Amino acid sequence: MEKDIKILAIESSCDETSAAVVVNGREVLSNVISSQIDIHKKFGGVVPEVASRKHIEVISAVVQESLDIAKVSLEDIDAVGVTYGPGLVGALLVGLQYAKGLSYAIDKPLIGVNHIEGHISANFIEYKELKPPFVCLVVSGGHTFIVYMKDFGEFEVMGETRDDAAGEAYDKVARAIGLGYPGGPKIDKLAKEGNEKAIKFPRANFHDDNSLDFSFSGVKSSVLNYINNMKMKEVEVNKADVAASFQKSVVDFLVDNAMKACEIKKVDKIAMAGGVASNSCLRYSLVKEGEKRGIKVLFPEPILCTDNAAMIGSAAYFELQRGRAADLNLNAIPNLKLGER
Ligand code: KG4
Ligand code: ZN
């Protein structure tokens, strides 16, 4: 029997400081997440400089807790995995420098992980037998991609947003209707009380029927214009209807392109990833459309959808299997592209 590989993983690309211990890329022994949401809430979004400082304050304790919960010591760790991009450069550097220090101290390989690859890999934790090829819809606060994962470590971006990310649009619309930050879960909840057909918010048109790209800044502006018009007319806005109609427009766009991607690649599996993958309307609509076409929809549990280190530990394991360890020259790359090194 082959020896189990235990990876200590660190994630600090945005506003969550997280550390995890993951065995063979699939089994999570610990996944400690220290969120800064309460701090950034006051500002209505993430303040990069504040995020970096908070990461520095908590990272040692978060790593120690992840080892304690996993009941392992540093001597038991076979490699250190860390997010090195994309993300906020100052925030990334905190996790990266810490990981480099650990890797050097315990003399074990350092593995740099792409944050988006990490999000996709959350599915390998949820579904123990899952292997590529499959299509993945990555929808978070900073990213919106349709990715074809051909094999471990091999990605083809089939579509992406040309402006706002899906989660960003949710957060901006939530702010406009006074729901606070982060707005995604709040819109998700409020939309359940609204009528999704009440207001018609338009979808972007690219004059290219084959494009699988997205654009969400148009729908966001339409919502803002609608709210302003109603205010000028002194008519009270039905927030639940706005939430439901906005959500319908975003979800339909995501689902249509995701289904087209599965047809193009002739796959029968679509995985979801990123914070917005927790959205109940998106999950419901994808499953419904998938059933019509014989496509199975996979989604990780919510804690594995938002930023966490377990997903980084999973991706790091598959990178290590392919012999892709980094060295201590590894640097943070804020705009790192999927599949690039
Ligand atoms: O993946 P994530 O934790 O961080 C990034 O890498 O961006 O995603 C956070 C985003 C936020 O924009 C948040 O509003 C959104 O995910 N989100 C949701 C839901 N839960 C989180 N959006 C819609 N519906 C949800 N239930
Ligand atoms: Zn993320």
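## Helices, a zinc site and salt bridges

E289 and K292 sit together in helix α9, three residues apart, or about one turn of the helix. Their side chains meet in a salt bridge, 2.9 Å from N to O. This is a predicted model, where local features need pLDDT of at least 70, side-chain atom pairs count only at pLDDT 80 or more, and totals for chains, interfaces and linings use all residues. Residues are numbered from 1 along each chain as its sequence is written, chains are lettered from A and ligands numbered from 1 in the order in which they are written, and side-chain values use heavy atoms, leaving out hydrogens and water.

**Salt bridges**

- A salt bridge here means a side-chain nitrogen of Lys or Arg within 4 Å of a carboxyl oxygen of Asp or Glu, and the whole structure has 15 of them.
- D164, E168, K172 and K220 are joined into one network by salt bridges that share partners.
- D78 pairs with K3, with the closest N and O atoms 2.6 Å apart.
- That pair links distant parts of the chain, 75 residues apart: D78 is in the loop between α2 and β4, and K3 is in the segment before β1.
- E263 bridges to R293 at 3.1 Å between the closest N and O atoms.
- E263 is in α8 and R293 in α9, so this pair ties together parts 30 residues apart in sequence.

**Zinc site**

- The zinc ion (ligand 2) is coordinated by H115 (NE2), H119 (NE2) and D307 (OD) at 2.0 to 2.1 Å (donors are N, O and S atoms within 2.8 Å of the metal, or 3.2 Å for Na, K and Ca; water is not among the atoms, so sites may look incomplete).
- H115 and H119 are both in helix α4, four residues apart, and both are buried.

**Helix α7**

- Helix α7 covers residues 217–232 and reaches 23 Å from first C-alpha to last, close to the expected 22 Å (1.5 Å times one less than its number of residues).
- Helices are DSSP runs of H or I with at least four residues, and strands are E runs of at least two, numbered from the N terminus.
- Its buried residues are V219, K220, S222, V223, I227 and M230.
- Just after α7, E234 takes a positive phi of about 55°.

How values were computed:
Buried means under 20% relative accessible area, exposed over 50%, partly exposed in between (1.4 Å probe, protein chains only).
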